Amino acid sequence: MLTHLHSLVIGPGLGRDDLMQATVAEVIAAAREKKLPLVLDADALWLIQKRPELVKGYKECVLTPNVVEFGRLAQSVGLDTQGDTGKEGCKALANALGGVMVVRKGGVDWISDGSDDRTVVGDGQGGRKRSGGQGDTLTGSIGTLLAWRGMYLEGAWETEGSMGREETLMLAAWGGSAITRECSRLAFGKRGRSLQASDLTDEVPVAFETLVGEKEESKL
């Protein structure tokens, strides 16, 4: 099955059952063997904090922790960020994990694979309410962009210039952040404090068209 995928998202709704977690560990190992891009969130991060070696050094992997998950991951690799979950803390965790792409979501999203050249911030305006589950929009958006990245790297489209694997991985992570923040802004504008995480899904098409659109209209 993995041979038919361009990317794989693991985590949302997964659960922490021992059998499920053990199965996911095997799936991650198989995905690494096939060099399949991964996006790990939620309960997949629970597994990684216990077994960081599953992703350490795998530069086709994106982790999307919130501040609490970030702290647990840092602790799992013996990293003392001294409470820094921003730019330097994000870089430090990415480096400790051997160049894995970390998207530390929060008031602003810090994105880094540990290098200065590929450490960026997602600071577009979002909604003024955080609702549990909004990170699912982020993981889904990054997963979709990674799938398109795979097709780009395979030469599916004619393009001007070229970008490599590391640059396009960072761009997919940043793009997912930008789309999610725009979805949040749009949903909050319509629903205010009654906003639920599922409301973001309805805004994905508009957010994508606003930020990306077709080549002639792209704002990125």
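User: Which residue in S6 is the bridge partner of Asp-109?
Analyst: Keeping in mind that this is a predicted model, the partner of Asp-109 in S6 is Gly-122. That pair belongs to a set of four bridges that join strand S5, residues 109-112, to strand S6, residues 119-122.

User: And how do S5 and S6 run?
Analyst: They run antiparallel, and together they form a hairpin that has six residues between the two strands.

User: New topic: which residues touch the most other members of the largest nonpolar core?
Analyst: That core has 29 residues, and those touching the most other members are Ile-10, Ile-28, Leu-38, Leu-40, Cys-61 and Leu-63. At least two residues of this core come from each of strands S1 (8-10), S2 (38-40) and S3 (61-63), and likewise from each of helices H1 (18-33), H2 (43-50), H3 (67-76) and H4 (87-96). Apart from this core lies another one, made of 24 residues that include Val-39, Ala-172, Ala-178 and Cys-183.

User: What does Leu-63 touch?
Analyst: Leaving out residues up to four places away in sequence, Leu-63 touches Leu-40, Leu-45, Leu-73, Leu-97, Val-100, Met-101, Val-102 and Val-103.

User: You mentioned H2. How many of its residues are buried?
Analyst: Six of the eight residues in H2 are buried, so the helix is mostly covered. The buried ones are Asp-43, Ala-44, Leu-45, Leu-47, Ile-48 and Gln-49, and they pack against S1, H1, S2, S3 and H3.

User: What about Ser-141, buried or exposed?
Analyst: Ser-141, which is found in helix H5 (residues 135-153), has a relative accessible area of 9%, and because buried means under 20%, Ser-141 counts as buried. Not counting residues up to four places away in sequence, Ser-141 touches Gly-176, Ile-179 and Thr-180.

User: Last one: how many cavities of 30 Å³ or more are there?
Analyst: The count comes to one cavity of 30 Å³ or more, and the largest cavity has a volume of about 30 Å³.

User: Which residues line that largest cavity?
Analyst: The lining is made up of Lys-59, Gly-99, Met-101, Asp-113, Glu-166 and Leu-169. Sorted by class, the lining has three charged residues, two nonpolar ones and one polar one. Met-101 has come up already, as one of the residues that Leu-63 touches.

Key:
Residues are numbered from 1 along each chain as its sequence is written. This is a predicted model: local features need pLDDT of at least 70, side-chain atom pairs count only at pLDDT 80 or more; totals for chains, interfaces and linings use all residues. Side-chain values use heavy atoms; hydrogens and water are left out. On a 1 Å grid over the protein atoms alone, a cavity is a set of points where a 1.4 Å probe fits but cannot get out, and a pocket is an open set with protein on both sides within 12 Å along at least five of seven lines; lining residues have an atom within 4 Å of a point. Grid points are joined across faces, edges and corners, and a volume is the space filled by probe spheres set on the points. Ala, Val, Leu, Ile, Met, Phe, Trp, Tyr, Cys and Pro count as nonpolar, Asp, Glu, Lys and Arg as charged, and the others, Gly among them, as polar. Two strands pair if DSSP finds at least two bridges between them. A nonpolar core is a set of buried Ala, Val, Leu, Ile, Met, Phe, Trp, Tyr and Cys residues joined through side-chain atoms within 4.5 Å. Buried means under 20% relative accessible area, exposed over 50%, partly exposed in between (1.4 Å probe, protein chains only). Contact means heavy atoms within 4.5 Å.
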